[in-house]
Amino acid sequence: MTSAAFPAFAYQGDTLHCEGVSLVSLAEAVGTPTYVYSRGAIEAAYRAYDAALAGIDHLICYSVKANSSLGILDVLARLGAGADIVSGGELHRWIAAGGDPAKVVFSGVGKTEAEMRDALAAGIGAFNVESTEEIEVLDQVARAAGVRARVALRVNPDVDAQTHPYISTGLTQNKFGIAAAAARDAFRRAADLPGLEVRGIDCHIGSQLTKTSPFSDAIARLCELILTLAGEGIVLSDLDIGGGLGIDYGKDGDPPPPSHGEYGAAVKQALAALGDHPIRLLVEPGRSIVGPAGVLLTRVLYNKDNEVKHFTIVDAAMNDLMRPSFYGSHHPMRPVRATSAAPRTTDVVGPICETGDFLARDRALPPLARGELLAIGAAGAYGFTMSSNYNTRPRAAEVLVAGERWTVIRERETLEHLLRGERTAG
Ligand code: LLP
């Protein structure tokens with residue numbers, strides 16, 4: 001789980017630490033399950049993008065869906081990041097965390113008119129418009145508000161991101177973006193509408209990308225369109241290439257994600273097709289900014305065996321970290337107390353009443369007795385944000401560590417929180 005680039009989670013003595021804080025002490029102070037994030041790792045990941053794109057005019061719009069907790073957004077806002085949002089709720093969070101609305105891009109296939117109005121009132125940077133119908137609606141909403149909406153049109157470049165089918169978004173069979181063949185007409189129409197100011201072109205081909213070639217292919221298609229449109233007098237100043245790099249989930253045999261350097265070089269090479277057409281590049285990384293920076297800390301409740309399997313029953317479950325049961329994802333795991341005991345094969349499962357409630361299957365782990373702690377790695381992205389209250393389980397606490405200091409950035413939910421707003425019909 002420790003990466004050479006940033007030792008955010010490493011053993012000090014026999015105890016796993018996040019930066020300078022012992023995960024044993026944290027679990028005692030805050031309880032489990034708890035998400036623990038390294039501030040240093042988040043900052044380093046952001047700076048790695050900034051460095052990789054140095055030399056090109058760029059804006060890093062952190063994809064809020066990956067982890068939208070105020071304490072995390074605050075770290076990114078302070079670094080000067082923009083935000084990629086997909087709902088009015090995410091905009092509300094970004095502004096509440098002190099983020100700059102002018103650096104916001106609003107993506108998503110189903111924006112409501114109310115969300116459009118609120119985003120216009122907040123003065124967001126641009127709407128990434130995803131359909132021809134949305135173009136018309138946004139024009140009307142903007143005109144009614146007496147403003148012009150800055151827009152980029154999201155084009156579906158029909159590029160295979162070579163990732164899990166649920167998180168692949170740039171193919172014709174996916175619901176996202178405007179089909180490449182219809183894009184020129186859509187740009188012409190948008191350019192004619194008085195409520196819209198057409199600024200850019202956007203795409204997002206998928207998540208957990210482990211190669212740079214899909215990025216290069218997508219950029220090549222968009223550059224072609226930019227040049228064609230410029231020939232028709234529609235001059236775009238922004239090119240948004242969507243989400244960022246994949247991350248290492250610690251599974252043997254999986255291809256390692258490309259380095260930021262490799263990514264930066266591929267992007268720059270693909271952009272060269274634009275010649276002297278000036279462009280600002282926008283990127284919307286989420287997973288690679290916060291994913292490796294977080295672990296889910298959980299405590300063993302029980303061990304049990306049957307004829308064929310050993311189960312390690314922990315106090316975190318699929319409602320806390322949905323990725324293993326939803327996508328079959330692999331997350332690396334480390335016992336918080338280092339041990340030299342020989343590993344055995346176990347299923348790490350939670351207390352939820354579903355066979356699908358597992359965090360790992362057939363995993364080699366040293367024996368962990370009742371009460372021992374386990375850290376589930378690469379959990380900082382799409383961990384807490386996808387968590388739910390299934391089985392009426394309060395959602396986990398979240399802690400942000402900086403050096404030897406730690407802050408509870410989200411308190412564990414209470415049973416009062418869970419019943420809020422409910423009533424009986426009598
Ligand atoms: N921009 C747009 C328009 C997106 O839809 C996404 C992710 C991103 C940026 C950020 O992509 P990233 O840099 O994180 O790859 N829940 C899934 C991931 C869903 C991603 C959805 N869109 C998971 O746990 O793997």
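Is C18 buried or exposed? C18 is buried, because its relative accessible area is 0%, and buried means under 20%. Keep in mind that this is a predicted model. The ligand lies between two domains, since domain 1 and domain 2 both give residues to its shell.

**Cysteines**
- C353 counts as exposed, because its relative accessibility is 68% and the cut-off for exposed is over 50%.
- C18, in contrast, has a relative accessible area of 0%.
- The number of disulfides in the structure is zero.

**Ligand shell**
- The ligand is surrounded by 19 residues.
- The closest of them are S207, E284, R323, Y327 and Y382.
- Sorted by class, the shell has eight polar residues, six charged residues and five nonpolar residues.

**Polar atoms at the ligand**
- G244 places a backbone N or O atom 2.8 Å from an oxygen atom of the ligand.
- G286 has a polar backbone atom 2.9 Å from an oxygen atom of the ligand.
- K65 uses its side chain: a polar atom there lies 3.4 Å from an oxygen atom of the ligand.
- The ligand taken alone exposes 590 Å², and the protein buries 91% of that area.

**Domains**
- Domain 1 is assigned to 9-38 + 291-419.
- Domain 2 is assigned to 107-285.
- The C-alpha centres of domain 1 and domain 2 are 35 Å apart.
- Across the two domains, ten residues of domain 1 are in contact with nine residues of domain 2.

**Where the ligand sits**
- Why does the ligand lie between domain 1 and domain 2?
- Domain 1 (9-38 + 291-419) gives residues to the shell around the ligand, and domain 2 (107-285) does too, so the ligand lies between them.

Key
Residues are numbered from 1 along each chain as its sequence is written. This is a predicted model: local features need pLDDT of at least 70, side-chain atom pairs count only at pLDDT 80 or more; totals for chains, interfaces and linings use all residues. Side-chain values use heavy atoms; hydrogens and water are left out. A residue is near a molecule or strand if one of its heavy atoms lies within 4 Å of it. A polar contact is a pair of N or O atoms within 3.5 Å; within protein, one must be able to donate a hydrogen and the other to accept it, and residues adjacent in sequence count only if both atoms are side-chain atoms. Accessible areas come from the Shrake-Rupley method with a 1.4 Å probe; for residues, only the protein chains shown count as cover. Ala, Val, Leu, Ile, Met, Phe, Trp, Tyr, Cys and Pro count as nonpolar, Asp, Glu, Lys and Arg as charged, and the others, Gly among them, as polar. Domain bounds come from an automatic or database domain assignment. A disulfide is a pair of cysteine sulfur atoms within 2.5 Å. Buried means under 20% relative accessible area, exposed over 50%, partly exposed in between (1.4 Å probe, protein chains only). Contact means heavy atoms within 4.5 Å.
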